[in-house]
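Here is a friendly walk through one protein chain. Please look at the sequence and the 3D view, and keep them open as you read.

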Amino acid sequence: MISTQTDKDAVDLSKFPADRIRNFCIIAHIDHGKSTLADRLLEMTGAIAKTEKNKQVLDKLQVERERGITVKAQTASLFYNHEGQQYLLNLIDTPGHVDFSYEVSRSISACQGVLLIVDANQGIQAQTVANFYLAFEAQLAIIPVINKIDLKNADPERVESQIEKVFDIPREECIRISAKLGTNVENVLQAVVDRIPPPEASIDDPFKALVFDSNFDHYRGVVANIAVFGGRVKKGDRIVSAYLGKTYEVNELGLLRPDEHSTGKLFAGQVGYIVAGMKDVKEAQIGDTLYLQEQPVEALPGFKPAKAMVFAGMYPMDQSEYQGLRSAIEKLTLNDSSVTVQRDSSLALGAGWRLGFLGLLHMEVFNQRLEQEYNASVIVTAPTVPYKAVLSSAKLIKNRRAVQKNMLYIDDQRVMMKYLFPLNEVVVDFYDLLKSLSSGYASFDYENAGYQAADLIKMDILLNGRPVEELITIVHRDRAYSSGKAMCERLKDSIPRQMFEIAVQAAIGSKVIARETIKAYKKNVLAKCYGGDITRKMKLLKKQAEGKKKMRLIGSVEVPKDAFINVLKRKQK
Ligand SMILES: Nc1nc2c(ncn2[C@@H]2O[C@H](COP(=O)(O)OP(=O)(O)OP(=O)(O)O)[C@@H](O)[C@H]2O)c(=O)[nH]1
């Protein structure tokens, strides 16, 4: 699969004191070419062979290759000869999408510098700005790289002006490259050595390492990626995780090139992986500090657990698949500690879970991985965002919509605007709408601005006067009517006629705001079967009985399971 260099067994890490190490990551807006540049850097330093097969080497997951996006940050150590010296360059590839900015920030905490990639045609986009600030606030050296200069409509001049204006970085510092063709990529490697400072880490200090990523391996348990901030660690050492205070023995450790390459030890300034018998990624929390049992140190600052912002119900398509889905979700969350899982059950969909994600793409990727890697068929309900409810008898608070915070002209064609939005408005279809309204030109990023009071109400859906628990939604008062009406219409289309009339209503408190009626209809499956064929009659009756099994009874109304799925499921794009 991935061909690695042949001298890989001959690494003497003690030959790399901290001053000949550079730890950096590549940050950019989505699709600006991070993974392509990473591939070129790997090729040029001999970590991988130059073949078509090695496209997007750092994007290991199937979903990453299919969607062409990076979800999980990957790390690779590269050896680079510069002016007669050999350097160890630790490259951390990072995801570009908003949902994964948490992964970017933890990768950044292991680095001293970043390559900030900007597409020569598209120029600065929303995540270019968001990622720049993550690096800027962490006081990292920032090397602006203008990529895709081979494109016919590339305009590196204009992008350099944007970089000067928005980030206050002199245009002379920009490196123009084509990651695809390899043009000027050598200059990027030189700039990494010349402009990024080495890690300030002394081998004489006690061992101290930052966990910046972790994966779960079925045979070895947790494989944690660490940046060694001081001292040294070797196989057999007893280490402690500062957060949980648990002690472990180091079973294996080494470099990622990008495949694991066991070295038996790691020194100050180096980045690598460590296996120490941890059973769960929650034992190797991102941002946690590791130290030697006999040399306790103060934990590194800035530990910040990931926070779920979008929640959705997940149910097996059929309850007989519950165990299988449970084990698939467990396995997947073993690798992704940012997903929260709570058991849930629904009258309509049976037993399932309520899962929390960093954002919508994160949720979609999780779902796609469940289906692709675990062959699970899942019903995903409409996503919701967290609310804080103040229970009071009457007073509801003033309606708040998007509020403009500021505006900056990046150049004569582009403007950057900041708004305060209710998260609920953003997570569902805002991004798609923005993209289609702007013919794909606008880009968007968001960060959590905390809870804000809003005029939200609980909306019930009633079937013949009986509320259906799983269809309760929280809506903005202004949207209640349209969303109630849409839900009633979708239910009407999904519930078959029955022997009595069915009222489908949306209500707020005791007030009905929308109604659809399903007319009575007596379905006699035998009507067409006059004559004597008894086996055919039996067959039809059996089919009808089977159909009934797929129904749920709400009051006296039989509701097909599909109806819930149709109403609860997010609209397919
Ligand atoms: N013409 C041209 N295309 C490029 C260049 N670099 C990357 N691309 C193309 O741009 C697209 C996106 O490149 P990726 O490397 O996947 O982008 P990315 O930034 O890693 O994307 P995410 O990981 O999803 O954030 C791919 O189709 C690449 O082939 C370049 O220098 N020139």
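Leaving aside residues up to four places away in sequence, Ala-227 touches Asn-23, Ala-110, Ala-209, Leu-210, Phe-212 and Val-271. Being in contact here means that the C-beta atoms of two residues, placed from the backbone, lie within 7 Å. This is a predicted model, in which local features need pLDDT of at least 70 and side-chain atom pairs count only at pLDDT 80 or more, while totals for chains, interfaces and linings use all residues. Residues are numbered from 1 along each chain as its sequence is written.

Ala-227 is also one of the residues that touch the most other members of the largest nonpolar core, a group of 84 residues. Others on that list include Val-114, Leu-116 and Ile-226. A nonpolar core is a set of buried Ala, Val, Leu, Ile, Met, Phe, Trp, Tyr and Cys residues joined through C-beta atoms within 7 Å. Buried means that 20 or more other C-beta atoms lie within 10 Å of a residue's own; with 12 or fewer the residue is exposed, and in between it is partly exposed. Strand E8 (residues 221–230) gives this core its largest share, seven residues. Apart from it lies another core of 43 residues, among them Leu-355, Leu-361, Ile-379 and Val-504.

How many helices and strands does the chain have? There are 13 helices and 29 strands. These elements are DSSP runs numbered from the N terminus, with at least four residues for helices (H or I) and at least two for strands (E). Of the 573 residues in the chain, 40% are buried.

Now look at an open sheet of four strands, in the order E18-E19-E17-E20, with antiparallel pairing. Strand E18 (340–346) and strand E20 (378–380) each have a single partner strand and stand at the edges, so one side of each lacks a neighbour in the sheet. From one strand to the next, the twist averages 30°. Strands count as paired if DSSP finds at least two bridges between them. E18 and strand E19 (residues 350–357) have seven bridges, and five join E17 to E19. Here are some bridge partners to find:

| Residue | Bridge partner in E19 |
|---|---|
| Thr-340 | Gly-356 |
| Gln-342 | Arg-354 |
| Phe-311 | Gly-356 |

Helix H8 (residues 360–374) lies across strand E17 (310–316), E19 and E20, and runs at about 165° to E20. Such angles run from 0 to 180 degrees between N-to-C directions, using axes fitted to C-alpha atoms, for helices over the stretch in contact.

Another helix to visit is H6 (residues 185–195), whose buried residues are Val-185, Val-188, Leu-189 and Val-192. They lie on the same side of H6 because they cover an arc of only 100° around the axis. The arc is taken from the directions from the helix axis to the C-beta atoms.

Is Asp-288 buried or exposed? Asp-288 counts as buried because it has 22 C-beta neighbours inside 10 Å. Asp-288 sits in the loop between strand E15 (271–275) and strand E16 (289–292).

Finally, consider confidence. The predictor's confidence in each residue is pLDDT, from 0 to 100; its mean over the chain is 79, and 74% of the residues reach 70 or more. Over residues 68–73, pLDDT stays under 50, and likewise over residues 396–401. Where pLDDT is low, the predicted coordinates should not be read in detail.
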